[in-house]
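Reader: I am new to this structure. Please show me how to read it, feature by feature.

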Amino acid sequence: AAYNRFYYTDILGIDPATARTAVLWGSGHHFTGIPPWKAKTELWLSGTIVRDACDMSPDSMDRHLEQINRARPDIIRAWPGALCELSEHALRNKMNLHSPKAIVTSGETLHARARETIEKAWGAKVHNFYGSRELSNLAGECECGNLHVLANKIEVIAGDGKQASEGQEGDVIVTGLNNYSMPFIRYMIGDVAVQGPARCKCGRPGPTLKNVSGRLVEQFTRKDGAVVPGVYFVHLLDRIMWNGSISKFQVVQEDYDTVLILAIVSENLSVEY
């Protein structure tokens with residue numbers, strides 16, 4: 001939380017404690033185990049609205065945009081793929097959108113086309129943010145376009161096994177510095193990134209990444225044109241994977257109405273799921 005606050009206050013110049021926030025994410029998945037009344041109360045007290053990024057039909061997108069415009073948030077946090085789809089919908093329909101102070105995208109790779117589309121629709125700069133389930137907040141983008149490492153130690157290792165030089169792409173290796181129960185020592189997180197300069201032109205100290213290029217999540221298209229982020233299936237099967245019933249799975253969209261899920265399952269898989 002401290003690193004997250006540092007990013008918003010020092011780099012973005014926004015106090016997250018008082019800022020109104022709109023979140024376009026996997027609504028509901030963040031409050032697993034939290035009573036609904038408590039989750040709603042916390043959101044209301046913090047001035048936060050949450051819209052479901054997995055519900056992106058044309059009618060749903062109209063409701064998302066209406067709610068966001070009504071809330072007039074200082075910050076929009078979102079999956080870039082979902083926000084890009086929402087932005088394209090607004091541009092197609094020539095909608096006027098409230099312009100926030102900052103847009104922060106995370107959870108997927110932010111591609112150049114998505115950044116351009118989002119900034120055009122909302123009239124605000126997009127800031128890329130890099131995090132993970134294992135180690136939370138890792139790096140955030142500054143005004144110069146580099147992602148400043150916020151916590152832990154991040155190495156970018158090139159194909160020769162050595163530390164990547166500036167501008168070189170390689171595997172991301174993370175060492176956790178603040179987890180006393182399950183430390184991660186030089187953990188290969190499964191992402192690919194480009195090494196940034198040792199010192200950014202913005203003047204802030206510490207190492208940087210130029211971009212994260214390896215968190216590509218495929219999307220699925222419905223018959224009505226709505227786009228469903230591939231991470232939706234991760235959330236859908238999350239509970240089954242955690243209890244050991246599924247060890248691996250692959251989702252293949254064969255047609256608009258046909259999605260094939262291939263899975264390696266254990267004997268205790270229950271039809272109740």
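**Reading the model**

Author: Start with one residue and its surroundings. Beyond its neighbours within four places in sequence, Asn128 is in contact with Tyr7, Thr105, Leu110, Arg115, Gly140, Glu141 and Leu147. This is a predicted model.

Reader: Where does Asn128 lie?

Author: Asn128 sits in strand β5, residues 126-132.

Reader: Is Asn128 buried or exposed?

Author: Asn128 has a relative accessible area of 7%, so the residue is buried.

Reader: Now the whole chain. How many helices and strands does the protein chain have?

Author: Seven helices and 15 strands. The chain has 273 residues, and 44% of them count as buried. Look at the contacts too. Among those with a separation of 6 or more, 57% are between residues 24 or more positions apart.

Reader: How do I read the sheet? In which order do its eleven strands come?

Author: Follow the strands across: β2-β1-β3-β4-β5-β6-β7-β11-β10-β9-β8. The sheet is open, and its pairing is mixed. Its edge strands are β2 (48-52) and β8 (153-157), each of which pairs on one side only. From one strand to the next, the twist averages 35°.

Reader: Which helix packs on the sheet, touching β1, β2 and β3?

Author: That is helix α3, residues 58-71. Here β1 covers 21-25 and β3 covers 75-78. The direction of α3 makes about 170° with that of β2.

Reader: How should I read the side chains of a strand?

Author: In a regular strand, side chains alternate between the two faces of the sheet.

Reader: Next, the rings. What describes a pair of aromatic rings?

Author: Two values do: the distance of the centres and the angle of the planes. This structure holds four aromatic pairs. One of them joins Trp25 and Trp79, at 5.7 Å centre to centre with 45° between the planes. That pair is tilted.

Reader: Where in the chain do Trp25 and Trp79 lie?

Author: Trp25 is in strand β1, and Trp79 is in the loop between β3 and α4 (80-92). They are 54 residues apart, and the pair links distant parts of the chain. Both Trp25 and Trp79 are buried. Trp25 has a charged neighbour as well. Arg77 lies over the face of Trp25, at 5.6 Å from the ring centre.

Reader: Why does the pair of Phe184 and Tyr187 count as tilted?

Author: The planes of Phe184 and Tyr187 are at 50°, so the pair is tilted. The ring centres are 4.8 Å apart. Phe184 is at 17% relative accessibility, so this residue counts as buried. Tyr187 has a relative accessible area of 26%, so this one is partly exposed.

Reader: Which residues do ring pairs link into a cluster?

Author: Tyr7, Tyr8 and Phe129.

Reader: What is a disulfide?

Author: A disulfide is a covalent bond between the sulfur atoms of two cysteines. To count one here, the two sulfur atoms must be within 2.5 Å. By this rule the count is zero. Take Cys142: the nearest cysteine sulfur belongs to Cys200 and is 3.7 Å away, and Cys142 is in no disulfide. For Cys200, the nearest cysteine sulfur is that of Cys202, 3.6 Å away, and again there is no disulfide. Cys142 is buried, at 0% relative accessibility. Cys200 is buried too, at 4%.

Reader: Last, the backbone. Which phi does Arg72 have?

Author: Arg72 has a positive phi of about 50°, although this residue is not a glycine. Arg72 lies in the loop between α3 and β3. With 47% relative accessibility, Arg72 counts as partly exposed. Lys94 also has a positive phi of about 50° without being a glycine. Its place is the loop between α4 and β4. Lys94 counts as exposed, at 75% relative accessibility.

Definitions and conventions. Residues numbered from 1 in each chain as written. Predicted model: local features only at pLDDT ≥ 70, side-chain atom pairs only at ≥ 80, totals over all residues. Heavy atoms only, no water. Buried < 20%, exposed > 50% of the residue type's maximum accessible area, 1.4 Å probe, protein only. Pairing = 2+ DSSP bridges. Helix = DSSP H or I, 4+ residues; strand = E, 2+ residues; numbered from the N terminus. Axes fitted to C-alpha atoms, helices over the stretch in contact; angles between N-to-C directions. Contact = heavy atoms within 4.5 Å. Phe/Tyr/Trp six-rings, centres within 6.5 Å; stacked < 30°, edge-to-face > 60°. Lys NZ or Arg CZ within 6 Å of the ring centre and 35° of its normal.
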